Amino acid sequence: MSGGAGTPDAGSPASSPFDPGLQLERTLLAWQRTCLSLVIGSALCVRLLAAVDRAPVVPVALGALVLSAAGWATAVARYRRSHDSLVRDHRRLAAGGTLITCTAVAALLLAVGGAAFVVTTGGR
């Protein structure tokens, strides 16, 4: 090990991809794109709702923003855990629904914020 705590050496099996198709890396990028889209949508929802003085709905959009960021962090942690498990030949991947739950609840909150915006302003 060099380069800090938990950082594998360049060229070591722990730093190289598990498979040449980069399956884990592509999955991480897909989750990051999803979470980035939710973050942008949440920020836009907060901006729109704050502009039309819909303060009671702004916390819903802020919750979606926080959950989107938590989904991003969970995706990165899941990638690291899966990569570490595969390159160290443990072959047992951790199951968990935190990432899916965060993104689903964030999308639901965004939908509620959007519906509240449309209903209260008539979409204008």
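The chain contains three helices and zero strands, where helices (H or I, at least four residues) and strands (E, at least two) are DSSP runs numbered from the N terminus. The structure is a predicted model, in which local features need pLDDT of at least 70, side-chain atom pairs count only at pLDDT 80 or more, and totals for chains, interfaces and linings use all residues. Residues are numbered from 1 along each chain as its sequence is written, and side-chain values use heavy atoms, with hydrogens and water left out.

Read from the N terminus, the order of elements is α-α-α. Of the 124 residues in the chain, 28% are buried (buried means under 20% relative accessible area, exposed over 50%, and partly exposed in between, with a 1.4 Å probe and protein chains only). Contact here means heavy atoms within 4.5 Å. Among contacts between residues at least 6 apart in sequence, 70% join residues at least 24 apart.

The unreviewed UniProt entry lists residues 34–52, 58–77 and 98–119 under "transmembrane region"; the UniProt positions follow the numbering used here, feature names are shortened, and annotations may be inferred rather than shown by experiment. In the model, the span 58–77 is 100% helix and 0% strand, with its end C-alpha atoms 29 Å apart. The span 98–119 is likewise 100% helix and 0% strand, and its end C-alpha atoms lie 31 Å apart.

Next comes the packing of the helices. Two packed helices are described by the angle between their axes and the distance between the axes. Axes are lines fitted to C-alpha atoms, for helices over the stretch in contact, and angles run from 0 to 180 degrees between N-to-C directions. Angles under 35 degrees count as roughly parallel, over 145 as roughly antiparallel, 65 to 115 as roughly perpendicular and the rest as oblique.

Helix H1 (residues 23–51) packs against helix H2 (residues 58–87) at an angle of about 170°, with the axes 8 Å apart. H1 is therefore roughly antiparallel to H2. The contact of H1 with H2 has 23 nonpolar, six polar and one charged residues; Ala, Val, Leu, Ile, Met, Phe, Trp, Tyr, Cys and Pro count as nonpolar, Asp, Glu, Lys and Arg as charged, and the others, Gly among them, as polar.

For H2 and H3, the packing angle is about 160° and the axes are 8 Å apart, so H2 is roughly antiparallel to H3. The crossing of H2 and H3 is left-handed (the near helix is turned anticlockwise from the far one by less than a right angle; clockwise would be right-handed). Residues making this contact include Gly63, Leu67 and Thr74 of H2 and Leu99, Cys102 and Leu109 of H3. By class, the contact of H2 with H3 has 12 nonpolar, six polar and one charged residues.

Leu67, in helix H2, counts as partly exposed because its relative accessibility is 22%. Beyond its neighbours within four places in sequence, Leu67 is in contact with Cys102, Val105, Ala106 and Leu109. Thr74, also placed in helix H2, touches Thr98 and Leu99, not counting residues up to four places away in sequence.

Finally, H1 and helix H3 (residues 98–121) pack at about 30°, with their axes 10 Å apart, and are therefore roughly parallel to each other. This crossing, too, is left-handed. Among the residues that meet are Trp31, Cys35 and Leu38 in H1 and Ala107, Gly114 and Phe117 in H3. The contact of H1 with H3 comprises 12 nonpolar, five polar and no charged residues.
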